[in-house]
Amino acid sequence: MLSGTIKSGDWKGEKHVPVIEYEKEGDLVKVEVSVGKEIPHPNTPEHHIAWIELYFHPEGENFPILVGRVAFTNHGDPLIEPRAAFFFRTEKKGKLYALSYCNIHGLWENEVMLE
């Protein structure tokens, strides 16, 4: 199963865990997902974050919804930072899930409650 290969951890001590930060203004949700907030992640051709995905799982619903995916396609000059911003509208509470992929260390996830 794919779920058995996804790693998680404390983003303050592990550079691969995606960090999810959000603000709500009415029904507008602004989410920033970054990798390497406390401990910078390399972004070289040899070792880099290839993409970040954000999902929203509304309370009471069966499945999460893919909000968006950002692919980081250059790892030389200019040096790309593994950060992405997402915007969506909802009145619902639920969980935000972020998934990131490191070309050497695989899949990483994190989650936060959207109140």
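**View 1. The largest pocket of the predicted model holds about 160 Å³ of space.** A pocket is an open set of points on a 1 Å grid over the protein atoms alone, where a 1.4 Å probe fits, with protein on both sides within 12 Å along at least five of seven lines; lining residues have an atom within 4 Å of a point. Its volume is the space filled by probe spheres set on the points. Ile6, Tyr55, Pro64, Tyr97, Ala98, Leu99 and Glu109 form the lining. Strand 6 (residues 94-102) supplies the largest share, 3 residues; strands are DSSP runs of E, at least two residues, numbered from the N terminus. This is a predicted model, in which local features need pLDDT of at least 70 and side-chain atom pairs count only at pLDDT 80 or more, while totals for chains, interfaces and linings use all residues. Residues are numbered from 1 along each chain as its sequence is written, and side-chain values use heavy atoms, without hydrogens and water.

**View 2. Pro18 lies in strand 1 (residues 18-25).** Pro18 has 0% relative accessibility and therefore counts as buried, a term for under 20% relative accessible area (1.4 Å probe, protein chains only). With neighbours within four places in sequence left aside, its contacts include Val35, Leu99, Trp108 and Glu109.

Key
Helices (H or I, at least four residues) and strands (E, at least two) are DSSP runs, numbered from the N terminus. Buried means under 20% relative accessible area, exposed over 50%, partly exposed in between (1.4 Å probe, protein chains only). Contact means heavy atoms within 4.5 Å.
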